[in-house]
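I'll jot down what I look up, entry by entry.

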Amino acid sequence: MANDNRLLKLMIAHHGLIEALLAAFKDSLSDLEKAPKALNNLSWQTEKHFFIEEKINFRFVFYNQENLYKITKHLIEEHSQILGMLKKIEGQLQKKKKIELNALSGLLREHRETEEKILYPKMDELLSQYQKDLMIEKINEVVLRE
């Protein structure tokens, strides 16, 4: 079933949640009580999303799918960068320094586009229905929430 794009749709929903949490954090920056909670929520949901991608989704990309394999290796590097940026922002918030989110927003946007325009459509095309069902079942065991 080559056109079953449930994996892509599910990941688009996850990405939308992370985007909404980033917007909520931006909105909370003027409130010293709300901002750390919003950042913590953004960081935690992002970590869970990256766990899903690295421990479930990317495991279905095989070495013989060289282009996709290279993409997943690059995306994993970006995961580390993004988590590092979130950690840095946490430190800036604690020290009450000015928070700059343009680099994080830009990297998240590029990252999302790579996954949604290249990786997940290709995975939806290449994987068997059984593989996709198994992935989606496992993904849904890791709950993301606002």
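**Entry 1: a term first**

Before I look at any residue, I need the word "buried": I use it for a residue with under 20% relative accessible area, while over 50% is exposed and anything in between is partly exposed. I also keep in mind that this is a predicted model.

My test case is Leu75, which I find in helix 3. Its relative accessible area is 0%, so I write it down as buried. What does Leu75 touch, leaving out residues up to four places away in sequence? I get Phe58, His111, Thr114, Glu115 and Leu119. I checked one of these by C-alpha atoms as well: Leu75 and Phe58 are 17 residues apart along the chain, and 9.6 Å separates them.

**Entry 2: the whole chain**

Stepping back, I counted elements. The chain has five helices and zero strands, so from the N terminus on I read α-α-α-α-α.

Next I looked up the overall size. The C-alpha atoms fill a box of roughly 50 × 25 × 20 Å along the principal axes. How does the radius of gyration compare with that of a compact globule? For 146 residues such a globule would come out near 15 Å, and the chain has 16 Å, which agrees.

Then I looked at how much is covered. Buried residues make up 45% of the 146 in the chain.

**Entry 3: charges**

How many positive and negative side chains are there? I note 23 positive and 23 negative, with the centres of the two sets 4 Å apart. A reminder to myself: side chains of opposite charge can pair when their charged atoms come close. Searching the whole structure for salt bridges, I get six. I went through some of them.

**Entry 4: a pair in helix 3**

Glu90 and Lys87 meet through their side chains in a salt bridge, at 3.4 Å from N to O. Both are in helix 3, which covers residues 66-94, and because they are three residues apart, about one helical turn separates them. Lys87 has a relative accessible area of 55%, so it goes down as exposed.

**Entry 5: two pairs in helix 4**

Helix 4 takes in residues 102-126, and Arg112 and Glu116 sit in it four residues apart, about one turn. Their side chains form a salt bridge at 2.7 Å, N to O. Arg112 is buried at a relative accessible area of 16%, and Glu116 is buried at 17%.

The other pair I looked up is Glu125 with Lys122, where the closest N and O atoms of the salt bridge are 3.2 Å apart. These two also lie in helix 4, three residues apart, about one turn of the helix. I have Glu125 as partly exposed at 45%, and Lys122 as partly exposed at 34%.

**Entry 6: more on Glu116**

I went back to Glu116 to see what is around it. Leaving out residues up to four places away in sequence, Glu116 touches Leu8, Met11, Ile12, His15 and Pro121.

**Entry 7: a look at helix 1**

Last stop is Ala20, in helix 1, which covers residues 6-28. At 34% relative accessibility, Ala20 counts as partly exposed. How far is Ala20 from Leu42, C-alpha to C-alpha? I get 8.9 Å, for 22 residues of separation in sequence.

Technical notes: Residues numbered from 1 in each chain as written. Predicted model: local features only at pLDDT ≥ 70, side-chain atom pairs only at ≥ 80, totals over all residues. Heavy atoms only, no water. Rg over C-alpha atoms; globule rule 2.2 N^0.38 Å. Buried < 20%, exposed > 50% of the residue type's maximum accessible area, 1.4 Å probe, protein only. Lys, Arg positive; Asp, Glu negative; His and termini not counted. Charge placed at Lys NZ, Arg CZ, Asp CG, Glu CD. Salt bridge = Lys/Arg side-chain N within 4 Å of Asp/Glu carboxyl O. Contact = heavy atoms within 4.5 Å.
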